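Morning, everyone. Let's look at the side-chain contacts in this one.

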Amino acid sequence: MDLSVVDLSPVPRGGTAADAFANTVDAARHAERLGYERFWVAEHHGMGDRLAGTTPEVLLGRLAGATDSIRIGSGAVLLNHYSPFKVAESFGVLDGLAPGRVDLGMGRANGSPASDRALGTDRRVEDPNEDHRERITAVVNHLGDAYPDEHPYGDLSVPGSAAGPAIPWVLGSSPASGEIAGELGLSYCFAGFIRPGFGERAFAEYREAFDHEAGPGGLDEPRGMIAVNAVAAETDEAAARRRAPAEATFRRMKRGDLGDETPTVAEAVDELGGAPDPTPATLDDDEWPRSISGSPETISGLLEQLGDRVGVDEVMIQHTVPDHEAALDSHALLAEAMDLEPRAD
């Protein structure tokens, strides 16, 4: 099984966005050395001093120069906020900076009403699914120079490398996103840390709808990946403590109050009234935890189980670990667990 990473650029306690981005670059280089398949960066808006990752297309330019072989990409560009042509142009530039190793993950999400207004986003779209499908199609057509000459955009082109264009992925957390990815013949990544119980249905919709002749960027066969919130430590108990900030953050989300900072492990344990129970080594058939943890031996089995359930052989790791060194250690233990082959320096 391949492993990948999506990084949120969390702002360290008492730090700034500059510190967050330095840590993201460090994490990308670390993931490359460990043998991870890809390193994606996320897009969030209105998160105050908690998350600095607002603009993946800018941050990826830095990662293009800081890495050599790992695939880099967006997890995801929130396409409902932007012009498809401008997104395609941005990723054409990135392909020129990192030829043949750029992924364009496309999703959608609304933030706070204030952030949406500031972004100029119209929340009153009549059919959000159809709007999303049309925007993805437009991006892929621009990237692949696929508009016919008679089309209003037929004379537009997107500069890139000879190895390009960027590989499009549809990201989502519902069966509707799986259906869109399938109908367009594109790769699909399901966000299992958002709505974990919908993963099997989403991939079923994806495969049932899959059309390899859908258009430019299409695949010969389905290609999927599931993103999970996962952390590792030397023991199951230590890993459960390391998972505590994720559990506390989820609890805050339910209350609608994320606070200004991600809780430390100690703060999270206090909020939860104790450390979370270790994730069992074997999940029940209908069990889809929002986050998992374990020693290398335990976590390897859990990742295999989740991948097998949805029929994929790649898992993308997201985490809520506020301490940078602890996060790097978790990534190293996950790489050990899944027998990743390190890349030469």
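Salt bridges first: this predicted model holds twelve of them. The rule is a side-chain nitrogen of Lys or Arg within 4 Å of a carboxyl oxygen of Asp or Glu. In general terms, side chains of opposite charge can pair when their charged atoms come close.

Two sentences on ground rules. Local features need pLDDT of at least 70, side-chain atom pairs count only at pLDDT 80 or more, and totals for chains, interfaces and linings use all residues. Residues are numbered from 1 along each chain as its sequence is written, and side-chain values use heavy atoms, with hydrogens and water left out.

Take Arg13 and Glu261. Their closest N and O atoms are 3.1 Å apart. Arg13 sits in the loop between strand S1 (2–7) and helix H1 (17–34), and Glu261 in the loop between helix H8 (236–255) and helix H9 (265–272), so this bridge ties together parts 248 residues apart in sequence. Helices (H or I, at least four residues) and strands (E, at least two) are DSSP runs, numbered from the N terminus.

Buried or exposed? For accessibility, buried means under 20% relative accessible area, exposed over 50%, and partly exposed in between, with a 1.4 Å probe and protein chains only. Arg13 is partly exposed at 43%. Glu261 is partly exposed too, at 37%.

Next, Arg133 and Glu183. Their salt bridge spans 2.8 Å, N to O. Arg133 is in helix H5 (residues 128–143) and Glu183 in helix H6 (residues 175–183), 50 residues apart. Arg133 counts as buried at 18%. Glu183 is partly exposed at 29%.

Then Arg124 with Asp122, at 3.3 Å between the closest N and O atoms. Arg124 is exposed, at 73%. Asp122 is partly exposed, at 42%.

Which residues form a network of salt bridges? Arg38, Arg71, Asp103 and Glu314.

On to rings. The count is seven aromatic pairs. Rings of Phe, Tyr and Trp (its six-membered ring) pair if their centres lie within 6.5 Å; planes under 30 degrees apart are stacked, over 60 edge-to-face, the rest tilted. Tyr188 and Tyr206 have centres 5.3 Å apart and planes at 40°, so that pair is tilted. Both tyrosines, Tyr188 and Tyr206, are buried. Ring pairs also link Tyr188, Phe190, Phe203, Tyr206 and Phe210 into a cluster.

Last, charges over rings: NZ of Lys or CZ of Arg within 6 Å of the ring centre and within 35 degrees of the ring normal. Arg195 lies over the face of Phe198, 4.1 Å from the ring centre. Arg290 has its charged end over the ring of Phe250, 5.4 Å from the centre.
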